[in-house]
Amino acid sequence: MNRDAKRFAAWVKTHRAFLTRAAWALTGDKAAAQDLVQDTFVLAWRHRAALRDEGAVQAWLYRILRREAVRHWEKRPPWDEWREELAETAACAAESEDLRIDLLRALQALSEPHREILVLFYLSDMSYEELANSLDIAPGTVMSRLNRARAALKALLGED
Amino acid sequence: MTPTDHEFDARMRALLRTLPVDGGAPIALPRRRFLRAAIAAAGGALLAGGAGGLGLAYAATPALVRAAAAHVREESGLRGEFAPLAPVRQALGLGPNAPFPGTLQLCKRCVVAGRPGWHVSVFLDGLGYVQIIALRETVDIPAGRGWWLGEHWQVLAQPHRDPLILLSPSAAALHEVARRLQS
């Protein structure tokens with residue numbers, strides 16, 4: 001295995017779980033999340049030369065995932081249909097999974113900027129500056145958007 | 001940020017970070033995919049008996065069919081009804097009470113190359129499995145058939161109906177399901 005392939009294998013090993021959970025939380029659909037992650041890694045391999053700072057690989061992979069997720073979102077059917085599917089999922093889920101199902105459902109009901117910042121905030125260990133960079137927003141916007149997103153999520157979960 | 005926010009964040013973080021992520025299929029490097037595709041195309045060409053067919057299997061297989069093949073491969077072990085059958089029957093062009101074109105193995109929503117659809121798998125006694133991807137939007141994919149990485153495929157594109165992509169390792173099973181869907 002050459003150097004690039006080894007580097008790529010390390011990315012997959014280290015970041016697959018993070019990306020899959022982020023994609024799942026963004027789309028509300030595990031199968032779609034797996035497709036998105038697959039596409040993300042394929043694109044990452046194709047454009048690996050563009051990554052200059054190996055220490056920023058998680059943010060770089062997330063930006064690729066985000067672009068792919070936006071494309072997925074544009075193609076996504078209206079929310080009502082997905083609510084039906086989530087309800088079915090919830091019905092099949094074990095009781096211990098209820099909280100997680102509620103959270104996934106609530107995330108889907110948030111606006112896209114709110115959903116995105118919460119997913120990245122909860123799933124990654126990025127600093128506010130790295131969050132701003134990953135989301136293409138000003139560093140000063142991160143905290144205010146995070147506060148508004150958290151409040152919206154709390155309201156949806158009945159914890160406000 | 002209040003202590004309540006910290007506690008809330010901790011709970012949400014724990015819930016999201018424990019979303020069950022299975023190993024999944026290993027990510028194949030594109031170069032290896034290409035190599036496999038080239039080998040498969042060469043094999044297909046040899047089987048077809050025409051050297052001129054070398055590479056045609058890759059070139060002639062629409063990207064959406066290739067994406068569908070990759071998708072059904074990922075869900076190859078999955079069985080069950082995860083979606084209401086009525087809209088799926090409608091997407092397949094079947095009447096409300098019409099039987100599926102084989103014993104139903106899997107029925108679930110899916111997304112193929114960013115396009116929403118249904119993944120339906122049916123089994124035909126003595127012939128084998130056929131995977132059907134019923135797309136839920138009109139796409140620019142012509143009717144056709146071919147062979148790709150060990151799978152026979154057929155696109156059923158009909159007016160006033162979203163296209164269906166059929167995949168099966170068995171040409172006979174594929175032909176039979178296509179016949180039943182078009183009858």
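**Packing in a predicted two-chain model**

Me: Does Arg66(A) count as buried or exposed?

Reply: In this predicted model, the relative accessible area of Arg66(A) is 18%. Buried means under 20% relative accessible area, exposed over 50% and partly exposed in between, with a 1.4 Å probe and protein chains only. Arg66(A) therefore counts as buried.

Me: What kind of model is this?

Reply: Residues are numbered from 1 along each chain as its sequence is written, while chains are lettered from A and ligands numbered from 1 in the order in which they are written. Side-chain values use heavy atoms, with hydrogens and water left out; local features need pLDDT of at least 70, side-chain atom pairs count only at pLDDT 80 or more, and totals for chains, interfaces and linings use all residues, as this is a predicted model.

Me: Which residues are in contact with Arg66(A), leaving aside its neighbours within four places in sequence?

Reply: Arg66(A) is placed in helix H3 of chain A; helices (H or I, at least four residues) and strands (E, at least two) are DSSP runs, numbered from the N terminus. Contact means heavy atoms within 4.5 Å. With neighbours within four places in sequence left aside, the contacts of Arg66(A) are Glu116(A), Ser134(A), Leu135(A) and Asp136(A).

Me: What is the relative accessible area of Glu68(A)?

Reply: Glu68(A) lies in helix H3 (residues 57-75) of chain A. Apart from neighbours within four places in sequence, Glu68(A) is in contact with Leu36(A), Asp39(A) and Leu43(A). Glu68(A) is buried, and its relative accessible area is 11%.

Me: How are H1(A) and H6(A) oriented to each other?

Reply: The axes of helix H1 (residues 3-27) and helix H6 (residues 112-123) of chain A come within 10 Å and cross at roughly 150°. Axes are lines fitted to C-alpha atoms, for helices over the stretch in contact, and angles run from 0 to 180 degrees between N-to-C directions. Angles under 35 degrees count as roughly parallel, over 145 as roughly antiparallel, 65 to 115 as roughly perpendicular and the rest as oblique. H1(A) and H6(A) are therefore roughly antiparallel.

Me: How many nonpolar residues does the contact of H1(A) with H6(A) have?

Reply: H1(A) contributes Phe18(A), Arg21(A), Ala22(A), Ala25(A) and Leu26(A), and H6(A) contributes Arg115(A), Glu116(A), Val119(A), Leu120(A) and Leu123(A). Ala, Val, Leu, Ile, Met, Phe, Trp, Tyr, Cys and Pro count as nonpolar, Asp, Glu, Lys and Arg as charged, and the others, Gly among them, as polar. The contact has three charged residues, no polar residues, and as nonpolar residues seven.

Me: How are H6(A) and H7(A) oriented to each other?

Reply: H6(A) and helix H7 (residues 128-135) of chain A pack with their axes 11 Å apart, at an angle of about 135°. Their contact is made by Glu116(A), Ile117(A), Leu120(A) and Phe121(A) of H6(A) and by Tyr128(A), Leu131(A), Ser134(A) and Leu135(A) of H7(A). By class, these residues are six nonpolar, one polar and one charged. H6(A) and H7(A) are therefore oblique.

Me: What percentage of the residues of chain B count as buried?

Reply: Chain B has six helices and seven strands, and its elements run α-α-α-α-β-α-β-β-β-β-β-β-α from the N terminus on. Among its 183 residues, the buried share is 44%.

Me: Does Pro169(B) count as buried or exposed?

Reply: Pro169(B) is found in the loop between strand E7 (161-168) and helix H6 (171-182) of chain B. Beyond neighbours within four places in sequence, Pro169(B) is in contact with Tyr129(B), Gly150(B), Glu151(B) and His152(B). At 56% relative accessibility, Pro169(B) counts as exposed.
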